[in-house]
Amino acid sequence: IGNELNDLPNLKIFVKKWRNVVKNILIKANVLITTSDIVKQIYSSVYPELSEKIKVIEHGRDFKPIDDITQFYEPPSTKPIKILVPGNINIAKGGELIKNIKKEDKNSKLEFHFIGSLQSNLRLQNYGIYHGPYKREDFNKLVNDIKPSFIGIFSICPETYCHTLSEAWSCGVPVLTTKLGAQEERLNKTGGGWFIDHKNPLKAYKKIIKIANSPKEYNQVIKKIEKITFKSTEEMANEYKNIYSSHLTK
């Protein structure tokens, strides 16, 4: 593998060629669809000639109503604070950040729970409780069983939409996430959680403890989550249908 990497071009030089090739492909499309404004902004900044072609259609999700979803999540004062981390956790998804936050937890105030898959070399099982893989339709049940105070989305790179944000809010649970990409965009719109500093684990840890010790602030966020609505898959499909129809009739 090491020898093969030596054959890679200088990326700072090659990126210009790459972008030109991609532009010549994308320019041929009638419409380009993405799932968040931040993605449109990024592509428009690199390819301004594509800006008018890019439309935003948020992912649709169909969630079943859940009763009494906020009854048991408020951070406890005498027990560890449960933070559920779902998904395929690797370095890009914040695996090392989680480990470093837990290392700052000298008094064991935080209890991480993991569902999904864990990158083997991260050994996150040593930093919390691993519940194994899960099916998307079982997410609500797992949240109900674990009863976390927070759902952690610790990606250290920008997400393009972040389904786990939707899933967390559908269960009434506030999120701890990074100020990047769609995570930042969606949290700013809804107020359904807090940002942590992904570059400073100690600062992130102190922020979590501060929030956990502020029940009034915590419950204000819970109330904001109760007002969050989600686009249905039917609404999403209709938006796509309208775009296709408008171009097929031209």
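So, Asp 105: with a relative accessible area of 5%, it's buried. Keep in mind that this is a predicted model. What does Asp 105 pair with? Its salt-bridge partner is Lys 102, and the closest N and O atoms are 2.8 Å apart. Lys 102 counts as buried too, because its relative accessibility is 17% and the cut-off for buried is under 20%.

Let's look at another one, over in helix α7. Here the side chains of Glu 185 and Lys 189 meet, 3.3 Å from N to O. Why does the spacing work out to about one helical turn? Because these residues sit four apart in the helix. Now, are the two partners buried or exposed? Glu 185 is buried, at 14% relative accessibility, whereas Lys 189 is exposed, at 59%.

Next up, Lys 231 and Glu 239. Their side chains form a salt bridge as well, at 2.5 Å from N to O. Lys 231 is buried at 17%, while Glu 239 is partly exposed at 28%.

Which residues make up the positive patch? They're Lys 179, Lys 203, Lys 207 and Lys 210. If you want to find Lys 179 on the screen, look in the loop between β7, which is 175-178, and α7, which is 181-190. That α7 is the helix that holds Glu 185 and Lys 189.

Conventions:
Residues are numbered from 1 along each chain as its sequence is written. This is a predicted model: local features need pLDDT of at least 70, side-chain atom pairs count only at pLDDT 80 or more; totals for chains, interfaces and linings use all residues. Side-chain values use heavy atoms; hydrogens and water are left out. Patches are made of residues with over 30% relative accessible area and no salt bridge: like charges are joined within 9 Å, nonpolar side chains (Val, Leu, Ile, Met, Phe, Trp, Tyr) within 5 Å. Accessible areas come from the Shrake-Rupley method with a 1.4 Å probe; for residues, only the protein chains shown count as cover. A salt bridge is a side-chain nitrogen of Lys or Arg within 4 Å of a carboxyl oxygen of Asp or Glu. Lys and Arg count as positive and Asp and Glu as negative; His and the chain ends are not counted. The place of a charge is taken as NZ of Lys, CZ of Arg, CG of Asp or CD of Glu. Helices (H or I, at least four residues) and strands (E, at least two) are DSSP runs, numbered from the N terminus. Buried means under 20% relative accessible area, exposed over 50%, partly exposed in between (1.4 Å probe, protein chains only).
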